[in-house]
Amino acid sequence: MMLWAEGETVMNGKGIAELTDAEAQQFGLQATQTIQQNHSALYNVSHRIRNRNMAYLDMDGDGKAEKIVLEPSAETKPDTAPDEPLRYYRLQIGDDALEGYGYSMANTVFAFQLNGQMLLALYEDGPSADPCTYFYRYENGDIKEAGSMETDIRRCSISSDGIIRGSLWKEIVQTDFIEVCWRLEDGILTEIPQETYDFLSGNSVELLEALPLHEDIGSSGTFLIQPQQVIFLKTTADWEWILLKAQDGSQGWVHIQDFEVVELRKNVMDVFAGRYMAG
(Lines give C-alpha, C1' and ligand atoms only; values in the text may rest on other atoms or scores of the structure.)
Protein backbone atom coordinates (compact mmCIF):
# COMPACT_ATOMS: atom_id res chain seq x y z
CA MET A 1 0.00 0.00 0.00
CA MET A 2 1.00 3.63 -0.26
CA LEU A 3 2.95 5.10 2.62
CA TRP A 4 0.73 7.22 4.82
CA ALA A 5 0.93 9.18 8.07
CA GLU A 6 -1.41 8.22 10.90
CA GLY A 7 -3.06 11.14 12.67
CA GLU A 8 -1.14 13.97 10.96
CA THR A 9 -2.80 17.32 11.68
CA VAL A 10 -2.33 20.37 9.46
CA MET A 11 -4.65 23.03 10.90
CA ASN A 12 -6.90 23.47 13.94
CA GLY A 13 -6.08 19.95 15.09
CA LYS A 14 -7.52 18.44 11.90
CA GLY A 15 -6.07 16.17 9.26
CA ILE A 16 -5.98 17.47 5.70
CA ALA A 17 -9.02 15.42 4.64
CA GLU A 18 -11.04 16.86 7.53
CA LEU A 19 -10.63 20.56 6.69
CA THR A 20 -13.67 22.62 5.89
CA ASP A 21 -13.67 24.48 2.57
CA ALA A 22 -12.72 27.71 4.38
CA GLU A 23 -9.90 26.01 6.28
CA ALA A 24 -8.62 24.32 3.13
CA GLN A 25 -8.49 27.69 1.39
CA GLN A 26 -6.65 29.30 4.29
CA PHE A 27 -4.22 26.40 4.54
CA GLY A 28 -3.59 26.30 0.78
CA LEU A 29 -3.09 30.04 0.38
CA GLN A 30 -0.65 30.12 3.28
CA ALA A 31 1.35 27.31 1.67
CA THR A 32 1.23 29.12 -1.68
CA GLN A 33 2.51 32.34 -0.13
CA THR A 34 5.43 30.52 1.48
CA ILE A 35 6.45 29.01 -1.87
CA GLN A 36 6.05 32.33 -3.72
CA GLN A 37 8.28 34.08 -1.20
CA ASN A 38 11.06 31.53 -1.68
CA HIS A 39 11.67 31.32 -5.41
CA SER A 40 14.75 29.12 -5.18
CA ALA A 41 13.24 26.45 -2.93
CA LEU A 42 11.64 23.10 -3.67
CA TYR A 43 8.82 22.18 -1.28
CA ASN A 44 7.49 18.79 -0.32
CA VAL A 45 3.77 19.57 -0.03
CA SER A 46 2.72 15.96 0.60
CA HIS A 47 0.12 15.06 3.21
CA ARG A 48 -0.28 11.30 3.10
CA ILE A 49 -3.52 9.71 4.17
CA ARG A 50 -4.62 6.16 3.47
CA ASN A 51 -4.45 5.49 -0.30
CA ARG A 52 -4.05 9.19 -1.16
CA ASN A 53 -1.61 12.06 -1.04
CA MET A 54 -3.23 15.50 -0.72
CA ALA A 55 -2.28 19.17 -0.85
CA TYR A 56 -3.88 22.57 -1.42
CA LEU A 57 -2.16 25.26 -3.51
CA ASP A 58 -3.14 28.18 -5.72
CA MET A 59 -1.80 26.66 -8.90
CA ASP A 60 -3.06 29.24 -11.42
CA GLY A 61 -2.69 32.49 -9.48
CA ASP A 62 -6.40 33.29 -9.25
CA GLY A 63 -6.33 33.70 -5.47
CA LYS A 64 -8.07 30.38 -4.80
CA ALA A 65 -6.36 27.18 -3.65
CA GLU A 66 -6.90 24.09 -5.77
CA LYS A 67 -7.22 20.67 -4.20
CA ILE A 68 -4.39 18.36 -5.29
CA VAL A 69 -4.65 14.58 -5.04
CA LEU A 70 -2.13 11.91 -6.03
CA GLU A 71 -3.49 8.37 -5.79
CA PRO A 72 -3.30 4.98 -7.51
CA SER A 73 -5.28 4.68 -10.71
CA ALA A 74 -8.66 3.01 -10.22
CA GLU A 75 -8.09 1.02 -13.40
CA THR A 76 -6.06 -2.19 -13.06
CA LYS A 77 -3.53 -2.73 -15.87
CA PRO A 78 -1.81 -6.02 -16.88
CA ASP A 79 1.56 -4.99 -15.38
CA THR A 80 0.17 -3.32 -12.27
CA ALA A 81 2.72 -4.04 -9.53
CA PRO A 82 1.41 -4.71 -6.00
CA ASP A 83 4.57 -3.23 -4.49
CA GLU A 84 4.31 -0.12 -6.72
CA PRO A 85 0.81 1.28 -6.14
CA LEU A 86 1.65 4.44 -8.11
CA ARG A 87 2.99 2.70 -11.22
CA TYR A 88 -0.33 3.82 -12.68
CA TYR A 89 -1.43 6.97 -10.92
CA ARG A 90 -4.17 9.56 -11.00
CA LEU A 91 -3.25 13.21 -10.47
CA GLN A 92 -6.04 15.67 -9.70
CA ILE A 93 -5.69 19.44 -9.61
CA GLY A 94 -8.92 21.32 -9.02
CA ASP A 95 -11.66 19.73 -11.11
CA ASP A 96 -9.31 18.22 -13.69
CA ALA A 97 -7.44 14.92 -13.48
CA LEU A 98 -5.08 12.85 -15.60
CA GLU A 99 -3.74 9.30 -15.56
CA GLY A 100 0.02 8.73 -15.61
CA TYR A 101 2.64 5.98 -15.47
CA GLY A 102 5.78 5.90 -13.37
CA TYR A 103 8.32 3.18 -12.62
CA SER A 104 9.02 3.18 -8.87
CA MET A 105 7.05 6.43 -8.57
CA ALA A 106 7.59 8.15 -5.23
CA ASN A 107 4.55 8.91 -3.10
CA THR A 108 5.63 12.53 -2.86
CA VAL A 109 4.32 15.76 -4.37
CA PHE A 110 6.82 18.59 -4.79
CA ALA A 111 5.98 22.20 -5.68
CA PHE A 112 8.00 25.29 -6.58
CA GLN A 113 7.63 28.66 -8.25
CA LEU A 114 9.46 29.36 -11.50
CA ASN A 115 9.13 32.68 -13.34
CA GLY A 116 5.78 33.30 -11.68
CA GLN A 117 4.45 29.84 -12.58
CA MET A 118 3.55 27.31 -9.88
CA LEU A 119 4.73 23.84 -10.86
CA LEU A 120 4.15 20.40 -9.38
CA ALA A 121 6.84 17.73 -9.65
CA LEU A 122 6.52 13.95 -9.35
CA TYR A 123 9.63 11.80 -9.11
CA GLU A 124 10.36 8.19 -10.13
CA ASP A 125 13.48 6.08 -9.53
CA GLY A 126 13.14 4.29 -12.87
CA PRO A 127 13.74 0.63 -13.73
CA SER A 128 17.48 0.66 -13.02
CA ALA A 129 18.13 3.71 -10.85
CA ASP A 130 17.31 5.89 -13.86
CA PRO A 131 15.71 8.90 -12.19
CA CYS A 132 13.11 11.03 -13.91
CA THR A 133 11.06 13.99 -12.72
CA TYR A 134 7.74 14.97 -14.33
CA PHE A 135 6.29 18.48 -14.13
CA TYR A 136 2.73 19.76 -14.26
CA ARG A 137 1.05 23.16 -14.24
CA TYR A 138 -2.60 24.23 -14.02
CA GLU A 139 -4.12 26.66 -16.51
CA ASN A 140 -7.72 27.63 -17.30
CA GLY A 141 -9.05 24.70 -15.30
CA ASP A 142 -6.83 22.13 -17.06
CA ILE A 143 -3.75 20.19 -15.97
CA LYS A 144 -0.92 20.78 -18.42
CA GLU A 145 2.18 18.61 -18.74
CA ALA A 146 5.18 20.89 -18.30
CA GLY A 147 7.98 18.58 -19.41
CA SER A 148 10.34 16.19 -17.69
CA MET A 149 14.03 15.76 -16.93
CA GLU A 150 16.05 12.57 -16.49
CA THR A 151 17.33 13.54 -13.08
CA ASP A 152 16.21 13.92 -9.49
CA ILE A 153 14.70 17.38 -8.90
CA ARG A 154 15.89 17.19 -5.29
CA ARG A 155 19.49 17.29 -6.56
CA CYS A 156 18.94 20.37 -8.69
CA SER A 157 19.31 24.04 -7.83
CA ILE A 158 16.79 26.73 -8.79
CA SER A 159 18.23 30.20 -9.35
CA SER A 160 16.44 33.50 -8.86
CA ASP A 161 16.58 34.11 -12.64
CA GLY A 162 14.49 30.99 -13.32
CA ILE A 163 17.25 28.56 -14.30
CA ILE A 164 17.27 24.99 -12.99
CA ARG A 165 20.71 23.38 -12.83
CA GLY A 166 21.13 19.65 -12.47
CA SER A 167 23.15 16.72 -13.74
CA LEU A 168 22.69 13.92 -16.27
CA TRP A 169 24.64 10.72 -16.86
CA LYS A 170 26.74 10.75 -20.02
CA GLU A 171 29.01 8.01 -21.33
CA ILE A 172 31.83 9.07 -23.66
CA VAL A 173 35.24 8.00 -22.37
CA GLN A 174 33.70 6.91 -19.08
CA THR A 175 30.38 7.30 -17.31
CA ASP A 176 30.19 10.74 -15.75
CA PHE A 177 27.73 13.41 -14.80
CA ILE A 178 27.50 16.55 -16.91
CA GLU A 179 25.92 19.78 -15.69
CA VAL A 180 22.74 20.70 -17.59
CA CYS A 181 20.44 23.73 -17.33
CA TRP A 182 16.70 24.07 -17.97
CA ARG A 183 14.29 27.00 -18.15
CA LEU A 184 10.55 27.43 -18.62
CA GLU A 185 9.64 28.22 -22.25
CA ASP A 186 5.97 28.50 -23.22
CA GLY A 187 5.04 26.57 -20.08
CA ILE A 188 7.44 23.69 -20.76
CA LEU A 189 10.73 23.02 -18.96
CA THR A 190 13.26 22.98 -21.78
CA GLU A 191 16.96 22.16 -21.72
CA ILE A 192 19.16 25.15 -22.53
CA PRO A 193 21.61 24.25 -25.34
CA GLN A 194 25.27 24.63 -24.41
CA GLU A 195 28.39 24.54 -26.57
CA THR A 196 30.24 22.61 -23.87
CA TYR A 197 29.23 20.73 -20.73
CA ASP A 198 31.26 20.41 -17.55
CA PHE A 199 32.05 16.97 -16.19
CA LEU A 200 31.34 16.78 -12.48
CA SER A 201 33.18 13.77 -11.06
CA GLY A 202 36.76 15.05 -11.36
CA ASN A 203 38.13 11.53 -10.95
CA SER A 204 41.68 10.81 -12.05
CA VAL A 205 42.36 8.12 -14.70
CA GLU A 206 45.64 6.77 -16.04
CA LEU A 207 46.82 7.64 -19.54
CA LEU A 208 48.59 4.50 -20.81
CA GLU A 209 50.51 5.93 -23.78
CA ALA A 210 51.64 9.18 -25.37
CA LEU A 211 48.62 11.17 -26.53
CA PRO A 212 48.32 14.05 -29.03
CA LEU A 213 46.15 16.88 -27.70
CA HIS A 214 44.59 19.72 -29.72
CA GLU A 215 45.00 23.26 -28.41
CA ASP A 216 41.44 24.12 -29.49
CA ILE A 217 38.35 22.24 -30.60
CA GLY A 218 38.83 21.12 -34.20
CA SER A 219 42.30 22.63 -34.56
CA SER A 220 44.84 20.78 -36.69
CA GLY A 221 47.85 21.51 -34.50
CA THR A 222 48.60 19.08 -31.67
CA PHE A 223 51.13 18.64 -28.88
CA LEU A 224 52.12 15.40 -27.20
CA ILE A 225 51.72 14.45 -23.57
CA GLN A 226 53.32 11.39 -21.98
CA PRO A 227 51.62 8.67 -19.88
CA GLN A 228 50.45 10.09 -16.53
CA GLN A 229 47.28 10.72 -14.51
CA VAL A 230 44.65 12.87 -16.27
CA ILE A 231 41.24 14.36 -15.48
CA PHE A 232 38.39 14.99 -17.94
CA LEU A 233 37.00 18.53 -17.60
CA LYS A 234 34.51 19.25 -20.40
CA THR A 235 32.80 17.81 -23.45
CA THR A 236 31.40 19.47 -26.55
CA ALA A 237 27.70 19.22 -27.33
CA ASP A 238 28.37 16.70 -30.13
CA TRP A 239 30.20 14.52 -27.53
CA GLU A 240 33.26 14.25 -29.82
CA TRP A 241 35.77 16.53 -28.07
CA ILE A 242 36.96 16.12 -24.49
CA LEU A 243 38.97 18.74 -22.60
CA LEU A 244 41.66 16.91 -20.65
CA LYS A 245 43.97 18.16 -17.92
CA ALA A 246 47.18 16.24 -17.25
CA GLN A 247 49.03 15.85 -13.96
CA ASP A 248 51.93 17.93 -15.33
CA GLY A 249 49.55 20.88 -15.82
CA SER A 250 49.15 20.63 -19.59
CA GLN A 251 45.62 20.90 -20.95
CA GLY A 252 44.09 20.23 -24.35
CA TRP A 253 41.32 18.57 -26.36
CA VAL A 254 41.22 14.93 -27.37
CA HIS A 255 39.07 13.87 -30.34
CA ILE A 256 36.76 10.90 -29.61
CA GLN A 257 34.43 9.13 -32.04
CA ASP A 258 32.42 6.05 -31.07
CA PHE A 259 34.69 5.38 -28.08
CA GLU A 260 37.80 5.62 -30.29
CA VAL A 261 40.66 8.10 -29.84
CA VAL A 262 40.85 9.42 -33.39
CA GLU A 263 44.59 10.28 -33.49
CA LEU A 264 45.60 6.89 -32.07
CA ARG A 265 42.89 4.84 -33.77
CA LYS A 266 42.43 2.96 -30.53
CA ASN A 267 39.47 2.29 -28.27
CA VAL A 268 39.40 4.47 -25.16
CA MET A 269 39.71 1.37 -22.96
CA ASP A 270 43.15 0.74 -24.49
CA VAL A 271 44.25 4.33 -23.90
CA PHE A 272 42.87 5.12 -20.44
CA ALA A 273 42.85 2.87 -17.34
CA GLY A 274 40.77 3.34 -14.21
CA ARG A 275 37.74 4.71 -16.02
CA TYR A 276 34.44 4.61 -14.12
CA MET A 277 31.71 2.70 -15.96
CA ALA A 278 28.25 2.65 -14.40
CA GLY A 279 26.39 -0.65 -14.40
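Colleague: What sits over the ring of Y103?

Modeller: The charged end of R87 does, 4.5 Å from the ring centre. Bear in mind that this is a predicted model.

Colleague: And what sits over the ring of Y123?

Modeller: The charged end of R154, at 4.8 Å from the centre. The distance cut-off is 6 Å.

Colleague: How many aromatic pairs are there?

Modeller: Six. One of them is Y88 with Y101.

Colleague: Which parts does the pair tie together?

Modeller: Y88 belongs to strand β5 (residues 88-93) and Y101 to strand β6 (residues 96-101). The pair therefore links parts 13 residues apart in sequence.

Colleague: Is Y88 buried or exposed?

Modeller: Y88 has a relative accessible area of 17%. Buried means under 20%, so Y88 is buried. Y101 comes to 36%, so Y101 is partly exposed.

Colleague: What makes W169 and F177 a stacked pair?

Modeller: Their ring centres lie 4.0 Å apart, with planes at 25°. Stacked means under 30 degrees, so the pair qualifies. W169 and F177 also form one aromatic cluster with Y276. W169 is partly exposed at 42% relative accessible area, and F177 is partly exposed at 28%.

Colleague: How do you know that the length of helix α1 agrees with its residue count?

Modeller: Helix α1 covers residues 21-36, which is 16 residues. At 1.5 Å a residue it should span 22 Å. Its end C-alpha atoms are 22 Å apart, so the two agree.

Colleague: Which residues of α1 are buried?

Modeller: E23, A24, F27, G28, T32 and I35. They cover an arc of only 165° around the axis, so they are on the same side of α1.

Colleague: What do the buried residues of α1 pack against?

Modeller: Strands β1 (43-44), β2 (47-49), β3 (52-57), β7 (110-114) and β8 (117-124).

Colleague: Why is I217 called partly exposed?

Modeller: Its relative accessible area is 42%. That falls between 20% and 50%, so I217 is partly exposed. I217 is in the loop between β17 (211-214) and β18 (222-225).

Colleague: What does I217 contact, leaving aside its neighbours within four places in sequence?

Modeller: T196, T236, W241 and W253. I217 and T236 are 19 residues apart in sequence, yet 8.5 Å apart in space, C-alpha to C-alpha.

Note on methods. Residues numbered from 1 in each chain as written. Predicted model: local features only at pLDDT ≥ 70, side-chain atom pairs only at ≥ 80, totals over all residues. Heavy atoms only, no water. Helix = DSSP H or I, 4+ residues; strand = E, 2+ residues; numbered from the N terminus. Buried < 20%, exposed > 50% of the residue type's maximum accessible area, 1.4 Å probe, protein only. Contact = heavy atoms within 4.5 Å. Expected span 1.5 Å × (residues − 1). Arc of directions from axis to C-beta. Phe/Tyr/Trp six-rings, centres within 6.5 Å; stacked < 30°, edge-to-face > 60°. Lys NZ or Arg CZ within 6 Å of the ring centre and 35° of its normal.
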